[in-house]
Amino acid sequence: QFPRQCATVDALRSGECCPDLSPVFGPGTDRCGSSSGRGQCVPVIADSRPHGPQYMHDGQDDREQWPLRFFNRTCSCNGNFSGYDCGSCRAGWSGAACNQQIRTVRRNLLDLSAKERNDFVNALHQAKATIHPDIVIATRRHEEILGPDGNTPQFENVSIYNYFVWSHYYSVRKTFLGAGQQSFGGVDFSHEGPAFLTWHRYHLLQLERDMQEMLQDPSFALPYWNFATGGNTCDICTDDLMGARSNFDVSLISQNSIFSQWRVLCENLDDYDTLGTICNSTEGGPIRRNPAGNVARPMVQRLPEPQDVALCLEVGLFDTPPFYSNSTDSFRNTVEGYSDPSGKYDPAVRSLHNLAHLFLNGTGGQTHLSPNDPIFVFLHTFTDAVFDEWLRRHNPDISIYPLENAPIGHNRQYNMVPFWPPVTNNEMFATAPENLGYSYDVQWPSRALQVTEIITIAIVTALILVAIIFAGATCIVHARKNKDELHQPLLTDQYERYSDDYDSIPTPSQSVV
Ligand SMILES: O=C1C=c2cc(C(=O)O)[nH]c2=CC1=O
């Protein structure tokens with residue numbers, strides 16, 4: 001969440017987090033890379049527009065108006081420069097001057113070669129074991145952040161992958177309302193609202209960026225898992241990818257997979273919620289996963305169908321009031337999985353993203369823990385691919401993203417919790433290839449016709465056939481009539497001539513005797 005340089009008593013007391021980039025002339029001489037024109041230290045802008053009625057404990061949570069409870073000054077970087085000290089580049093740019101455009105391609109995990117699979121799994125494992133070079137995590141709420149003596153900042157180192165896990169936990173944690181009081185769970189800064197898609201997009205970008213730096217490979221891209229197979233097996237749960245099932249315990253990962261050695265973060269929810277502490281970097285038990293194994297909920301024993309993706313891409317509105325998990329005809333609520341795939345809200349439904357989580361039935365199915373299972377990364381890159389395809393097809397104006405009255409954390413200009421430097425939902429609401437430097441290599445399913453559509457098409461086709469037959473018959477009748485009319489003058493002539501002749505024949509009375 002915060003740069004190591006800012007996890008100090010001085011920085012926390014001053015509220016300023018503007019680290020030096022390369023302070024050759026002493027501390028404070030190159031804040032935000034100002035000496036090379038990369039950026040400057042500015043006041044933080046935090047969203048103060050009203051949020052929705054779901055949260056009613058204003059004043060009691062450090063995540064309100066993020067990140068003002070901790071810092072009110074930050075670096076603002078110029079041009080393509082980016083990062084907490086303006087020492088890195090905006091997504092999609094690289095090079096010392098951040099003027100080289102890059103475009104990475106996120107591919108289907110199943111399309112990776114044996115070597116690519118091996119390299120990728122090793123890279124993830126390296127991220128699990130490598131201390132994040134820049135970021136440390138808070139282990140106490142702001143009230144206790146300087147420690148019992150007021151002089152010991154309560155921050156810890158965390159690995160690159162565990163930071164990914166921790167940031168998700170921090171965004172969904174309950175609001176602590178005081179010792180002996182029940183913590184408030186009706187708050188979620190990354191789910192059940194319009195920021196679901198923008199938040200998870202940035203979450204992935206941050207992991208991808210951290211891994212690119214760790215590997216010194218700007219072309220490194222996270223693959224995706226196309227979970228919409230309609231099947232009841234996890235096709236990426238093989239030992240060369242996410243790990244097969246253990247032969248000894250149905251809910252563990254096979255020992256042939258490196259992921260069987262991973263240990264999870266943020267398990268002790270009850271402690272955090274009753275003591276008012278925050279998950280730290282201490283790891284606990286193994287990843288649990290039992291795909292399709294939830295016998296108590298048959299509905300989550302199958303993955304979403306390809307058709308579900310095709311249908312949800314047709315939902316035209318990004319989100320609808322109340323911008324929550326009961327929104328209907330909302331693309332966001334549909335792909336998140338609280339509506340049926342055509343967009344109709346139904347409290348009994350779990351579809352798409354939610355269904356894929358619940359299908360995993362273990363660590364990956366519990367919101368405070370789910371990123372501990374690396375499948376989370378690929379489940380979410382696919383969800384992000386659907387979001388990007390929706391943006392491409394519908395080309396929405398940003399004005400459709402609610403500015404206010406969305407659940408707390410979800411307004412358009414809200415800084416996403418707990419990312420640093422501050423980044424708004426707004427900034428992630430744009431097509432990825434053009435604005436963020438990555439694209440997806442996906443074949444989208446075309447939508448199968450529904451029964452009502454087949455009936456409508458049959459009726460219209462029948463009507464058209466009847467019309468054609470009727471028109472044909474009318475033509476024939478007209479043609480015959482025309483033909484008759486063509487012949488008629490001759491007959492008339494004849495008749496007239498005949499009549500003339502007839503007229504000219506003297507009647508008996510006229511006969512000259
Ligand atoms: O990790 C997650 C787990 C989830 C479970 C549901 C549900 O619908 O019950 N939703 C989830 C979202 C997650 O991110």
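**Ligand entries**

I began with Arg350, where a polar side-chain atom lies 2.6 Å from an oxygen atom of the ligand. I am working with a predicted model, where local features need pLDDT of at least 70, side-chain atom pairs count only at pLDDT 80 or more, and totals for chains, interfaces and linings use all residues. Residues are numbered from 1 along each chain as its sequence is written, and side-chain values use heavy atoms, leaving out hydrogens and water.

I noted His191 next: one of its polar side-chain atoms is 3.1 Å from a ligand oxygen atom. For Asn354, I found a side-chain N or O atom 2.9 Å from a nitrogen atom of the ligand. A polar contact is a pair of N or O atoms within 3.5 Å.

How much of the ligand's accessible area does the protein cover? I read 89% of the 330 Å² that the ligand has on its own (Shrake-Rupley method, 1.4 Å probe).

I also listed the residues that surround the ligand, among them His353, His357, Leu358 and Ser370 (a residue is near if one of its heavy atoms lies within 4 Å).

**Aromatic entries**

I looked up the aromatic pairs and found 33 in the structure (ring centres within 6.5 Å; planes under 30 degrees apart are stacked, over 60 edge-to-face, the rest tilted). Phe2 and Phe71 make an edge-to-face pair, 5.0 Å centre to centre with 80 degrees between the planes. Phe2 lies in strand β1 and Phe71 in the loop between β3 and β4, so this pair ties together parts that are 69 residues apart in sequence (strands are DSSP runs of E, at least two residues).

Definitions and conventions: A polar contact is a pair of N or O atoms within 3.5 Å; within protein, one must be able to donate a hydrogen and the other to accept it, and residues adjacent in sequence count only if both atoms are side-chain atoms. Rings of Phe, Tyr and Trp (its six-membered ring) pair if their centres lie within 6.5 Å; planes under 30 degrees apart count as stacked, over 60 as edge-to-face and the rest as tilted. Helices (H or I, at least four residues) and strands (E, at least two) are DSSP runs, numbered from the N terminus.
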